[in-house]
Amino acid sequence: MNEVISGCIGLAAVLVLFLTGIELAFSMLLVGFLGFAYLTSFEAAMHLVAKDLFEVFASYGYTVFPIFILMGQIAFNSGIAKRLYDSAYTFIGHIPGGLAMATVGGATAFKALCGSAAATAATFASVAIPEMDRYHYSKKISTGIVATVGTLGCMIPPSVFLIIFGIITEQSIGKLFLAGIIPGLFIAVTFLATIYVWGRKNPALAPAGERSTWRARFLSLPEVVVVLAIFVLMIVGLMRGFFTPTEAGSVGTAAVALLVLLRRQLKFRGYVKAVSDSMRTACMMLMLIGGSAVLGHFIAITNIPQIMADWVVALPLNRNIIMVIICLIYILGGSFIDDLAFMILATPIFFPAVLKLGFDPIWFCIMIGVTQMIGVVIPPVAINVFIVTNITKVPMSVIYSGVYPFLAGIILFGALLFLFPQLALFLPHYFMP
Amino acid sequence: MKAFLHTIHRITIYMNVIAGVALTFIILLTVCDVVLRALGSPISGVYEIVAMAGGIVIGFVTPFTSWVRGHIFMDFVIERLSRGAKSAFDIATRCVGIALFLMISWNVFKIGKNLHSVDEVTPTLELPLYPIAYGVAFCFFVLSVVLFCDILKITGGSFGGGHE
């Protein structure tokens, strides 16, 4: 059996094994190990698995994961999200659809501290939906926007997705963070526009809340200012090369922790919970990355990425059509596994082809980010919808019907990004040429 | 059996605490370094200390993450099977995991032994690297014990949950 066939069998085996209920990281480790042993030697494969895992675990670069996730967890456990939501509410809560718009505003600001789509959705399911229920919002709108707004977690820095992509493709995380800002804000604006149009067409679905005084509005601003200040400190520090990503995360986490401890908004028990949750999530991700490193070494000696790249370039198709097909593969694959896991699995295979086709790697990352945003809210594995349904007990069919109008905005942005790559590339090219 | 499961659970929790302390230490050390660097006197060797502490964070939290089934898995296919068939699948996947992580543990231990024998140290502070390798090897060993506990839980009917 030649290398390519054994590589293809290996990739199929990962998916088949995954269906048996084994953890995806374990199945990647196992297949990578067996494949490498088959093509080289058992001794070499044993050493490779141990070395790859040890290097992933004890690496300076990977410490960025638990740190950035911890920052989001502290923000989550200390009520910052609620105050950001309240602040947005004081400004726009009185217009039709205003509470849903406040959810978008609050979540966008909260995203500046929290890198996870799932955590953002979970936070606002608890914070915003009860408020929208109080004003008799349609469940379709309230749950739909909360499930969808979490997807901004893939795009607006400090996104865990962008960090993982940066590490596995060896791209600058600072550039990726900058590249995610305009797309994230643009998509947030499409969410606002969708709510506005929906509310205009049928005001009973999203009634107006109470109007706040200007005093209340100004009093709510310091929270937003502090969050933005921490965000700007991290991004500017990264951009100027003053911080490594690990340092940016540490400074941001320490600033958020200090802030909430001084205000007595987080008790020791809350901190312990935040640390424990963040380490668990980071461990899950690093095991996936370790598994992908081992599998990647096996796939590399099969030459599949190189052959794939040559084959894709030789296809008698326009390179943009090939890119659309690659994006569809990410959406489809992510719909059946987990979007982040599929990205880790597929990117080492597709990335060389993308480079050979002449696409910008930073632009490609943002494009795949858009597919991630779609993937986390479409069936069958729509993690954000699962979270919202778990918290609110609203049937998934209702949440899905609320998600689809917002999905249109994400797809529209994906199309615009195709036509105008500068939407993603302008900031990194301008600030980090 | 209950006492054994309880003991292993306690061990994973203690390891989790060690990992949490290491994570807090990483953040504090890094922030101190950033501040002191701005003042013109950085702490030397921070990168290597952070890398080593990172090994402790992720290594020591690995058994607990598996205890709570915190890794991504998918069981909608085997959920359709009968209870007996599902248990058989679960036991088989746990056995594969045990064999895999015992092998990994042994080989990471060998890496540690090799680092020890050649006196490999970090470039700046000249800290020995082998204790971290031994620590990570221990973590993978505990992980395989946790997977063995899963088998006990399956036979006792209390296995499930986690991140799907």
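The side chains of A:Glu23 and B:Arg69 form a salt bridge with an N to O distance of 3.2 Å. This pair crosses between chains: A:Glu23 sits in the loop between helix 1 (3-19) and helix 2 (24-39) of chain A, and B:Arg69 in the loop between helix 2 (46-67) and helix 3 (83-117) of chain B. The model is a predicted one. Over all chains, the structure holds 17 salt bridges.

- A network of salt bridges links A:Glu23, B:Arg69, B:Arg94, B:Asp150 and B:Lys153.
- B:Arg94, one of the members of this network, lies in helix 3 of chain B.
- The relative accessibility of B:Arg94 is 1%, so B:Arg94 counts as buried.
- When neighbours within four places in sequence are left aside, the contacts of B:Arg94 in chain A are A:Gly21, A:Ile22 and A:Glu23.

**Salt bridges within a chain**

- In chain A, the side chains of A:Asp133 and A:Lys139 meet in a salt bridge at 3.0 Å, N to O.
- A:Asp133 is partly exposed, at a relative accessible area of 30%, and A:Lys139 is also partly exposed, at 34% relative accessibility.
- In chain B, B:Asp90 and B:Lys86 are joined by a salt bridge between their side chains, at 3.1 Å from N to O.
- B:Asp90 and B:Lys86 are four residues apart in helix 3 of chain B, so about one helical turn separates them.
- An α-helix has 3.6 residues a turn, so residues three or four places apart point the same way.
- B:Asp90 is buried, with a relative accessible area of 4%.

- Helix 1 of chain B, residues 2-38, has 37 residues.
- From its first C-alpha to its last, helix 1 of chain B reaches 54 Å, close to the 54 Å expected at 1.5 Å a residue.
- B:Gly40, which follows helix 1 of chain B, has a positive phi, near 95°.
- Helix 4 of chain B, residues 130-156, has 27 residues and a reach of 39 Å from first to last C-alpha, close to the expected 39 Å at 1.5 Å a residue.
- Because 19 of the 27 residues of helix 4 of chain B are buried, this helix is largely enclosed by the rest of the structure.
- B:Gly157 follows helix 4 of chain B and has a positive phi, near 80°.

**Helix packing**

- Two packed helices are described by the angle between their axes and the distance between the axes.
- Helix 3 (residues 42-57) of chain A and helix 4 of chain B have axes that come within 11 Å and cross at roughly 110°.
- These two helices, helix 3 of chain A and helix 4 of chain B, are therefore roughly perpendicular to each other.
- A:Leu53, A:Phe54 and A:Phe57 of helix 3 of chain A meet B:Ile132, B:Ala133, B:Val136 and B:Phe140 of helix 4 of chain B.
- This contact between helix 3 of chain A and helix 4 of chain B has seven nonpolar residues, no polar and no charged residues.
- Within chain A, the axes of helix 8 (residues 139-149) and helix 10 (residues 173-201) come within 12 Å and cross at roughly 175°.
- The crossing angle makes helix 8 of chain A roughly antiparallel to helix 10 of chain A.
- Helix 8 of chain A contributes A:Lys140, A:Ile141, A:Ile145, A:Thr148 and A:Val149 to the contact, and helix 10 of chain A contributes A:Phe191, A:Ile195 and A:Trp198.
- By class, the residues in this contact of helix 8 with helix 10 of chain A are six nonpolar, one polar and one charged.

**Backbone geometry in loops**

- B:Arg69 has a positive phi of about 50° although it is not a glycine.
- A:Arg264, a residue other than glycine, has a positive phi near 55°.
- A:Arg264 is placed in the loop between helix 12 (245-262) and helix 13 (268-302) of chain A, and A:Arg264 counts as exposed at 75% relative accessibility.
- The peptide bond from A:Pro157 to A:Pro158 is cis, with omega near 5°.
- A:Pro158 is found in the loop between helix 8 and helix 9 (160-169) of chain A.

Notes
Residues are numbered from 1 along each chain as its sequence is written. Chains are lettered from A and ligands numbered from 1 in the order in which they are written. This is a predicted model: local features need pLDDT of at least 70, side-chain atom pairs count only at pLDDT 80 or more; totals for chains, interfaces and linings use all residues. Side-chain values use heavy atoms; hydrogens and water are left out. A salt bridge is a side-chain nitrogen of Lys or Arg within 4 Å of a carboxyl oxygen of Asp or Glu. Buried means under 20% relative accessible area, exposed over 50%, partly exposed in between (1.4 Å probe, protein chains only). The expected span of a helix is 1.5 Å times one less than its number of residues. Axes are lines fitted to C-alpha atoms, for helices over the stretch in contact, and angles run from 0 to 180 degrees between N-to-C directions. Angles under 35 degrees count as roughly parallel, over 145 as roughly antiparallel, 65 to 115 as roughly perpendicular and the rest as oblique. Contact means heavy atoms within 4.5 Å. Ala, Val, Leu, Ile, Met, Phe, Trp, Tyr, Cys and Pro count as nonpolar, Asp, Glu, Lys and Arg as charged, and the others, Gly among them, as polar.
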